[in-house]
Amino acid sequence: PRAAFHKHLLQPLNPSWSPSPSPSTLERSQAVLRPDGDAEVDADFSAFTVPGCPMCGSGVMKPDVVFFGDVVPPARKAQALDLVLAASGLLVAGSTLSTLSAFRLVDAAVQHATPVAILNIGPTRAE
């Protein structure tokens, strides 16, 4: 899916952008590669066109994830709650639980007498 997205949507809208930058291209653009594989690119993005969603025809194309501050779709929220309530325990790893949607899942587990373990470097909202 990602290769098709680049080939059929991004490249036609942005022909001057390289579909897969080589190390020499990255050096010329003064990009900094991060440990997670992303690159911090020092470039002018003002002419870059992000395609609209091919499913609905409007809006900006986004991955199928919930970004911080976005609303969790009701079906996904219900599924997460069902999974928490059916679990024999809940492990929270690497989260401060600062979003209410995540905190509610921990609260539901506690109300359901499900053991909860939290592994995080700093404090969390559930303490």
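The structure contains 0 aromatic pairs, where rings of Phe, Tyr and Trp (its six-membered ring) are paired if their centres lie within 6.5 Å, and planes under 30 degrees apart count as stacked, over 60 as edge-to-face and the rest as tilted. The model is predicted, so that local features require pLDDT of at least 70 and side-chain atom pairs count only at pLDDT 80 or more, whereas totals for chains, interfaces and linings use all residues. Residues are numbered from 1 along each chain as its sequence is written, and side-chain values use heavy atoms, with hydrogens and water left out.

A contact between a charge and a ring is present: R125 is placed over the face of F103, at 5.1 Å from the ring centre. The criterion for such a contact is that NZ of Lys or CZ of Arg is within 6 Å of the ring centre and within 35 degrees of the ring normal.

The chain comprises 4 helices and 4 strands, in the order α-α-β-β-α-β-α-β from the N terminus. Helices (H or I, at least four residues) and strands (E, at least two) are DSSP runs, numbered from the N terminus. Of the 127 residues, 12% count as buried; buried denotes under 20% relative accessible area, exposed over 50%, and partly exposed the range in between (1.4 Å probe, protein chains only).

The second largest pocket has a volume of about 270 Å³. On a 1 Å grid over the protein atoms alone, a pocket is an open set of points with protein on both sides within 12 Å along at least five of seven lines, in contrast to a cavity, where a 1.4 Å probe fits but cannot get out; lining residues have an atom within 4 Å of a point. Grid points are joined across faces, edges and corners, and the volume is the space filled by probe spheres set on the points. The lining of this second largest pocket consists of V72, R76, K77, A80, L81, T99, S101, A102, R104, L105 and A108. Both α3 (74–86) and α4 (100–111) supply at least two residues of that lining, and α4 gives the most, with 5 residues. By class, the lining residues divide into 6 nonpolar, 2 polar and 3 charged, with Ala, Val, Leu, Ile, Met, Phe, Trp, Tyr, Cys and Pro taken as nonpolar, Asp, Glu, Lys and Arg as charged, and the others, Gly among them, as polar.

N14 is located in the loop between α1 (2–13) and α2 (23–28) and counts as buried because its relative accessibility is 4%. The side chain of N14 reaches the backbone nitrogen of T49 at 2.7 Å; a polar contact is a pair of N or O atoms within 3.5 Å, of which, within protein, one must be able to donate a hydrogen and the other to accept it, and residues adjacent in sequence count only if both atoms are side-chain atoms. G52 occupies the loop between β2 (39–40) and α3 and, at 34% relative accessibility, is partly exposed. G52 and K62 are 10 residues apart in sequence, with a C-alpha to C-alpha distance of 9.0 Å.

Positive phi values of about 60 degrees occur at L97 and at A113, although L97 is not a glycine and neither is A113 a glycine. L97 is situated in the loop between β3 (90–93) and α4 and is buried, at 3% relative accessibility. A113 is found in the loop between α4 and β4 (116–119) and is exposed, with a relative accessible area of 68%. S88, in the loop between α3 and β3, is exposed at 71% relative accessibility. The C-alpha atoms of S88 and A113, which are 25 residues apart along the chain, are separated by 9.5 Å.
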